[in-house]
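Please examine the sequence and the three-dimensional structure shown below.

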Amino acid sequence: MLVWVTGLSGTGKSAVARRLRDLGHRTVDADDHGVSAWRCRETGELVVPPPRQERPADWIERHGWHIDVERVRALVDPSDERPLFLFGAVENEAEVLALADVVVCLVADTETLRYRLAARRGNDFGKAPHEIEAVLSWHGVYEDRHAALGAVMVDATRPLEDVADAVLAAADRG
C-alpha cells in the first residue's frame, strides 16, 4: 500500500515522516531522499537552485518541484505488507495519485504556515518573501483540490503525535 501524504510547505510533512519512521514505519520524505528535484518549466530540464539569497523573484514561477515517479514505483515493494508513507508536494502529483492507495492532506492556517516557514531549519524553501507569498497563495486552492479528490484532511496544527496518529488511522482505513 502506498500512502501519499501531502500538504503545503510548512504543514509538517517532514516532521510527521520522521515521527512515523521513529515508530518503525516505512517512510520516504521526497524532499530528503533525492526522489524530487527542481525542473525548468519551459524545458523540463533538471536544475540546481541557486542559493536563496541569489534567487530572482521570478525563480519559483519558472521552476517546479517534480517527483521521479519511476523511483516511487521502485520504492513500492509488493512483497512488503506494511504501507509505504510517501511525503511530498509536487507539481506532477497526478502521477503519484495514480499510484497511491490512500491520500492524506495536511492542512494549517496561514499564520501557522507563515511562522513555520520562517522558523524552519534544514529546508530553505519558503524563507524568501516571494516564496512565502507563493505558498500562501496556494493555500485555499490546494486544500480544496485535495478535499475534492477525497483525501483524508488532517489538521496539522495539532500536536505532532496526534497528526501522526491521524495519518496512521487514514492508512488503516485504506
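Strand E2 comprises residues 26-29, and both of its faces are covered. Arg26 and Val28 are buried on one side, while Thr27 and Asp29 are buried on the other. Here "buried" means under 20% relative accessible area, "exposed" means over 50%, and "partly exposed" lies in between, computed with a 1.4 Å probe on protein chains only. Helices (H or I, at least four residues) and strands (E, at least two) are DSSP runs numbered from the N terminus. In a regular strand the side chains alternate between the two faces of the sheet.

This is a predicted model, in which local features need pLDDT of at least 70 and side-chain atom pairs count only at pLDDT 80 or more, whereas totals for chains, interfaces and linings use all residues. Residues are numbered from 1 along each chain as its sequence is written, and side-chain values use heavy atoms, with hydrogens and water left out.

E2 runs parallel to strand E6 (residues 84-87), and four bridges join the two. Strands count as paired if DSSP finds at least two bridges between them. Arginine 26 has leucine 84 as its bridge partner in E6, and threonine 27 has phenylalanine 85.

Leucine 84 of E6 is the bridge partner of leucine 2.

The open sheet has five strands in the order E2-E6-E1-E7-E8, with parallel pairing. E2 and strand E8 (152-155) stand at the edges with a single partner strand each, so one side of each has no neighbour in the sheet. From one strand to the next, the twist averages 20°.

Which residues of helix H7 (residues 139-148) are buried? They are His139, Tyr142, Glu143 and His146. Seen down the axis of H7, these buried residues fall within an arc of 90°, so they line one face of the helix; the arc is that of the directions from the helix axis to the C-beta atoms. The face turned away from the buried side of H7 carries the exposed residues Val141, Asp144 and Ala148.

H7 lies across strand E1 (2-7), strand E7 (102-107) and E8, and runs at about 155° to E7. Axes are lines fitted to C-alpha atoms, for helices over the stretch in contact, and angles run from 0 to 180 degrees between N-to-C directions. H7 is followed by glycine 150, whose phi is positive, near 90°.

## Histidine 139

Histidine 139 belongs to helix H7. Its relative accessibility is 16%, so histidine 139 counts as buried. Apart from neighbours within four places in sequence, histidine 139 is in contact (heavy atoms within 4.5 Å) with Leu8, Ala108, Asp109, Thr110 and Leu113. The side chain of histidine 139 reaches the backbone oxygen of alanine 108 at 2.6 Å.

How values were computed:
Polar contact = N/O pair within 3.5 Å; in protein donor to acceptor, adjacent residues only side chain to side chain.
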